[in-house]
Amino acid sequence: MSPTRAPRRRAARGAAALAATAALVLSAAACSSSSSSTSKDGANFVGGNGEIITVKPADRKDAPALSGKTVDGGTASLAAYKGKVVVINVWGSWCAPCRAEAPNLAEVAKADAAKGVQFLGINTRDTDAANAASFDKRFGITYPSFYDPYGKLILQFPKGTLNPQAIPSTLVVDRQGRVAARVLKALSTAELHQLIDPIVAEK
């Protein structure tokens, strides 16, 4: 072996190990209390356990005052939908389970609009808003999504309010603006109704 090749190989292995360590640290920071997985295109996503968690009305806490830019260049705010049941979906265009559930979200969002239900997305970890916008167009998503590449909006959900801990996550905010339910996985249309309908039925 050439005397110059060994140091180069050791340096390459060292750089690879350092990169892997950094990736693990970033994944652990972003994905606490959840398991991580990998989509077919290599992007990390967080997989939840799929349990629907609901909170009794007397024990619910206010949702944070979410507002900001959307993936299509506009603006949105949770306060604009006061008096409605709001379904908040946390997603990324790079996330395979997000792609799987997107047609179901689009379908239920249209079907439930007449019931006073508003869908609202939080797009995260997409470094280019164009990718998120293309995702919406591809899957027929017509409701707004915040563009939140660094998770600042997600961090506004304090502990104890069913904060989203996985990608994808879906939360339901009741008519009083309180976080009422959450599930940490991709959802079918039937599961979406199971999550949303009890909150819609509340008086």
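Buried denotes a relative accessible area under 20%, exposed one over 50%, and partly exposed the range in between (1.4 Å probe, protein chains only). On that scale, Lys137 and Arg138 of helix H3 are exposed. This is a predicted model, in which local features need pLDDT of at least 70 and side-chain atom pairs count only at pLDDT 80 or more, while totals for chains, interfaces and linings use all residues. Residues are numbered from 1 along each chain as its sequence is written, and side-chain values use heavy atoms, with hydrogens and water left out.

**Overall composition**

- The protein has four helices and 11 strands; helices (H or I, at least four residues) and strands (E, at least two) are DSSP runs, numbered from the N terminus.
- Of the 203 residues in the protein, 44% are buried.
- Contact means heavy atoms within 4.5 Å. Among contacts between residues at least 6 apart in sequence, 71% join residues at least 24 apart.

**Packing of H2 and H4**

- Helix H2 (residues 96-112) packs with helix H4 (residues 189-200) at an angle of about 45 degrees, and their axes are 9 Å apart. Axes are lines fitted to C-alpha atoms, for helices over the stretch in contact, and angles run from 0 to 180 degrees between N-to-C directions.
- H2 is therefore oblique to H4, given that angles under 35 degrees count as roughly parallel, over 145 as roughly antiparallel, 65 to 115 as roughly perpendicular and the rest as oblique.
- H2 passes H4 in a right-handed crossing; a crossing is right-handed if the near helix is turned clockwise from the far one by less than a right angle, and left-handed if anticlockwise.
- H2 contributes Asn104, Leu105, Glu107, Val108 and Asp112 to the contact, and H4 contributes Thr189, Leu192, His193, Ile196 and Asp197.
- By class, the contact of H2 with H4 comprises four nonpolar, three polar and three charged residues. Ala, Val, Leu, Ile, Met, Phe, Trp, Tyr, Cys and Pro count as nonpolar, Asp, Glu, Lys and Arg as charged, and the others, Gly among them, as polar.
- Asp112, in helix H2, is buried with a relative accessible area of 1%. Leaving aside neighbours within four places in sequence, Asp112 is in contact with Val117, His193, Ile196 and Asp197.

- In helix H3 (residues 129-139), the buried residues are Ala132, Phe135, Asp136 and Phe139.
- Because these residues cover an arc of only 95 degrees around the axis, they lie on the same side of H3; the arc is that of the directions from the helix axis to the C-beta atoms.
- Lys137 and Arg138 are on the other side of H3.
- The cover over the buried residues of H3 includes strand S7 (85-91), H2, strand S8 (117-124) and strand S9 (145-148).

**Asn89 in strand S7**

- Asn89 is found in strand S7 and is buried, with a relative accessible area of 2%.
- Apart from neighbours within four places in sequence, Asn89 is in contact with Glu101, Leu105, Leu120, Gly121, Ile122, Pro168, Ser169 and Thr170.
- Asn89 and Asn123 are 34 residues apart in sequence and 8.3 Å apart in space, C-alpha to C-alpha.

**Backbone features in loops**

- Most residues other than glycine have a negative phi, and most peptide bonds are trans.
- A cis peptide bond, with omega about 0 degrees, joins Ile167 and Pro168. Pro168 is in the loop between S9 and strand S10 (169-173).
- Arg125, in the loop between S8 and H3, has a positive phi near 60 degrees. Arg125 is partly exposed, with a relative accessible area of 34%.
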